[in-house]
Amino acid sequence: MMTRAQFLRMTLVGAAVGAMRGAGAQEQATEDLYVGHYIPLNFPDAATVRPGVLFARVPVMNGAFAGQLFFPFEGCRSHNVGTLEGQRVGTQLSGIWRESLDAEGASAQFLTDGQDLPSGALAGKMAALEPTAAGCVASNMPEGAEWMLLRTGALWSADEETSFVMTQRSNQISWPEIDKAAYTYAALIDPANIGRAEQGPILAWQRMGEAFSTANLSNQRLTRGRDYVLSVLVTDDQCDPLAQGCTRFTWR
């Protein structure tokens with residue numbers, strides 16, 4: 001029986017080999033793009049929880065990381081992008097998250113929590129904003145949130161016997177149906193726009209029912225020859241994660 005750690009190691013090794021073959025004599029990357037989701041803690045009504053998307057460029061070795069968060073909460077349209085920044089030391093991240101691009105926006109800690117995860121996966125908690133912080137971000141995350149980031153191409157499943165694989169065929173990306181799934185969240189991201197205030201990287205975000213296991217990208221205005229990332233989170237009816245993955249693809 002393959003353990004979750006063995007499965008992720010195999011997935012990441014395969015992705016690394018493919019990248020090496022395509023890179024040729026190029027220099028080794030100094031940072032990786034990590035993409036994932038965060039889920040508000042102890043939300044009073046699990047049916048109305050809205051997990052958000054986050055992404056960061058994380059150094060391969062020790063050093064500074066930076067990224068962004070997308071807030072999908074109703075009423076947050078005027079400040080629905082937050083920022084991440086901090087330091088990586090070994091397998092740990094330590095930093096802060098801010099509620100908006102405003103330099104005076106409220107901030108709180110963003111930390112890994114010591115989970116035993118294989119290479120390519122990071123997870124932790126976002127502390128709650130100070131009670132004095134007004135606005136819908138603070139009210140929708142009164143006790144902070146839990147998050148998981150995956151290096152692009154990595155896959156994770158809560159069930160060690162389930163292989164969560166994302167496959168692209170033409171203009172569709174599919175993944176296996178997960179037992180006990182209640183909701184699926186999919187985010188289409190343009191990595192080239194990460195960090196650009198004038199044009200956000202989130203091209204599409206959708207909450208789907210449990211029967212959905214395919215994303216049809218034909219209705220998206222994508223540029224041929226350009227790289228994109230699709231991130232998927234599958235949860236049960238209590239919004240507990242069952243599987244998560246992200247895949248990078250070139251639009252043909």
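Student: In β7, which residue is the bridge partner of Leu-111?
Tutor: The partner of Leu-111 in β7 is Lys-125. Please note that this is a predicted model, in which local features need pLDDT of at least 70, side-chain atom pairs count only at pLDDT 80 or more, and totals for chains, interfaces and linings use all residues. Residues are numbered from 1 along each chain as its sequence is written, and side-chain values use heavy atoms, with hydrogens and water left out.

Student: In which sense do β6 and β7 pair, and over how many bridges?
Tutor: β6 and β7 (residues 121–126) pair in the antiparallel sense over three bridges. Two strands pair if DSSP finds at least two bridges between them. Strands (E, at least two residues) and helices (H or I, at least four) are DSSP runs, numbered from the N terminus.

Student: And how many bridges does β6 have with β5?
Tutor: Strand β5 (residues 92–98) pairs with β6 over five bridges, in the antiparallel sense. Within that pairing, Trp-97 has Ala-108 of β6 as its bridge partner.

Student: Which aromatic cluster includes Trp-97?
Tutor: Trp-97 is linked by ring pairs with Tyr-38 and Phe-71 into a cluster. Rings of Phe, Tyr and Trp (its six-membered ring) pair if their centres lie within 6.5 Å; planes under 30 degrees apart count as stacked, over 60 as edge-to-face and the rest as tilted.

Student: How many aromatic pairs are found in the whole structure?
Tutor: The search finds seven aromatic pairs. One of them joins Phe-110 and Trp-147, which are stacked at 4.4 Å centre to centre with 10° between the planes. Phe-110 lies in strand β6 (residues 107–112) and Trp-147 in strand β8 (residues 145–151), so this pair ties together parts that are 37 residues apart in sequence.

Student: Changing topic: where is Asp-190?
Tutor: Asp-190 is in the loop between β12 (183–189) and β13 (202–209). At 4% relative accessibility, Asp-190 counts as buried.

Student: Which residues does Asp-190 touch?
Tutor: Leaving aside residues up to four places away in sequence, Asp-190 touches Pro-201, Leu-203, Arg-226, Asp-227 and Tyr-228. Contact means heavy atoms within 4.5 Å.

Student: What is the strand order in the five-strand sheet?
Tutor: The order is β9-β16-β15-β12-β13, an open sheet with antiparallel pairing. Its edge strands are β9 (155–157) and β13, each of which pairs on one side only. Inside this sheet order, β15 (residues 227–235) and β16 (residues 241–250) pair over nine bridges in the antiparallel sense. Leu-233 has Gln-244 of β16 as its bridge partner.

Student: And what is the order of the three-strand sheet?
Tutor: The three strands form an open sheet in the order β10-β11-β14, with antiparallel pairing. β10 (167–169) and β14 (214–216) stand at the edges with a single partner strand each, so one side of each is left without a neighbour in the sheet. β10 and β11 (residues 172–174) pair over three bridges, and Thr-167 has Ser-174 of β11 as its bridge partner.

Student: Finally, how many helices and strands are there in the protein?
Tutor: The protein has two helices and 16 strands. Of its 252 residues, 45% count as buried.

Terms used
Buried < 20%, exposed > 50% of the residue type's maximum accessible area, 1.4 Å probe, protein only.
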